[in-house]
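Subject: Structure handover

Hello,

Here is the structure you are taking over. Please look through it first; my notes on what was found come after it.

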Amino acid sequence: RMDMGNILEETIIRLIEERLDIKIKYPIDEVMSKEIGMSADRKPWDIYASLDGMFYASKPTLIVPEDRRIYTEGNEPIELLGPVPVEIKNMQFKPYDDIECMTIDYGRGYLQLQAQMMIADAQFGIIGCLFNGNDLRVFVVKADKKNSGHYYRKVINFVSACRRRYRLHPT
């Protein structure tokens with residue numbers, strides 16, 4: 001069952017492109033990272049974005065919410081510009097029926113996308129969720145700048161704990 005997400009990833013990307021009338025770069029062949037700190041011996045600690053896809057909006061691209069299909073914060077039209085990371089989820093679950101299911105309740109993929117937006121210096125991100133194999137819902141979210149410091153601290157704490165537990169050393 002876990003492999004189904006990977007198997008369906010390109011199909012879901014193409015469905016999002018059609019729904020939003022955009023062109024998403026897939027597969028991703030570049031690596032994005034951001035330095036988040038430094039070890040005691042002055043070696044940088046980086047976090048990397050594992051991107052499913054990326055939409056590069058070179059001009060403002062209007063996204064209009066559509067009931068049970070496209071969700072935006074405040075249910076308002078939104079203009080995308082710049083790099084827009086795209087996260088894909090394939091779920092066997094009751095479909096999220098509003099943006100708050102994703103943003104307030106931290107729906108599946110939301111925190112991952114926030115980290116990807118932070119690394120890509122993106123203002124917006126897209127999560128495409130295929131629910132139960134037949135219900136695609138697209139969530140267009142803004143970067144959560146007020147909590148970005150919190151995300152950084154969580155990542156640093158996680159990396160530090162992993163290095164201590166597994167005796168990993170920065171390379």
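Phe-131 is buried, with a relative accessible area of 0%; buried stands for under 20% relative accessible area, exposed for over 50% and partly exposed for anything in between, with a 1.4 Å probe and protein chains only. This is a predicted model, in which local features need pLDDT of at least 70 and side-chain atom pairs count only at pLDDT 80 or more, while totals for chains, interfaces and linings use all residues. Residues are numbered from 1 along each chain as its sequence is written, and side-chain values use heavy atoms, with hydrogens and water left out.

Phe-131 lies in strand E6 (residues 124–131). Helices (H or I, at least four residues) and strands (E, at least two) are DSSP runs, numbered from the N terminus. E6 is mostly covered, with 8 of its 8 residues buried. In a regular strand the side chains alternate between the two faces of the sheet. In E6, Phe-124, Ile-126, Gly-128 and Leu-130 point one way, and Gly-125, Ile-127, Cys-129 and Phe-131 point the other way.

E6 has two partners to note; strands pair if DSSP finds at least two bridges between them. With E5 the pairing is parallel, over 6 bridges, and Asn-90 stands opposite Leu-130 of E6. With strand E7 (residues 135–142) the pairing is antiparallel, over 8 bridges, and Phe-131 stands opposite Asp-135. E6 and E7 form a hairpin with 3 residues between them, and in the turn Asn-132 has a positive phi of about 55 degrees.

**Aromatic pairs**

A pair of aromatic rings is described by the distance of the centres and the angle of the planes. Rings of Phe, Tyr and Trp (its six-membered ring) pair if their centres lie within 6.5 Å; planes under 30 degrees apart count as stacked, over 60 as edge-to-face and the rest as tilted. The structure holds 4 such pairs. In one of them, the ring centres of Phe-93 and Tyr-96 are 6.2 Å apart and the planes stand at 75 degrees, so this pair is edge-to-face. Phe-93 is partly exposed, at 47% relative accessibility, and Tyr-96 is buried, at 9%.

Tyr-96 also forms an edge-to-face pair with Phe-131, at 5.2 Å centre to centre and 70 degrees between the planes. This pair links distant parts of the chain, 35 residues apart: Tyr-96 is in the loop between strand E5 (78–91) and helix H2 (99–103), and Phe-131 is in E6. Ring pairs join Tyr-71, Phe-93, Tyr-96, Phe-131 and Phe-139 into a cluster.

**Nonpolar cores**

In soluble globular proteins, nonpolar side chains tend to be buried together. A nonpolar core here is a set of buried Ala, Val, Leu, Ile, Met, Phe, Trp, Tyr and Cys residues joined through side-chain atoms within 4.5 Å. The largest one has 25 residues, and Met-32, Met-102, Ile-127, Cys-129 and Phe-139 have the most contacts inside it. Two or more residues each come from strand E1 (32–38), strand E2 (44–49), H2, helix H3 (110–120), E6 and E7. H3 gives the largest share, 6 residues. Another core, of 21 residues, lies apart from it and includes Ile-12, Ile-70, Val-84 and Leu-136.

In H3, 8 of the 11 residues are buried, including Tyr-110, Leu-113 and Met-117. Asp-121 follows H3 and has a positive phi, near 50 degrees. Leaving aside neighbours within four places in sequence, Ile-127 has contacts (heavy atoms within 4.5 Å) with residues including Glu-87, Met-102, Tyr-110, Leu-113 and Phe-139.

**Thr-72**

Thr-72 is in strand E4 (residues 70–72) and is buried, at 2% relative accessibility. A polar atom of its side chain lies 2.6 Å from the backbone oxygen of Glu-76. Not counting residues up to four places away in sequence, Thr-72 touches Ile-63, Pro-65, Ile-78, Ile-99 and Val-140.

**Cysteines**

How many disulfides are there? With a disulfide taken as a pair of cysteine sulfur atoms within 2.5 Å, the count is 0. Cys-101 is in no disulfide. The sulfur of Cys-129 has its closest cysteine sulfur in Cys-101, 11 Å away, which is too far for a bond. Cys-129 is buried, with a relative accessible area of 0%.

Regards

Key:
Polar contact = N/O pair within 3.5 Å; in protein donor to acceptor, adjacent residues only side chain to side chain.
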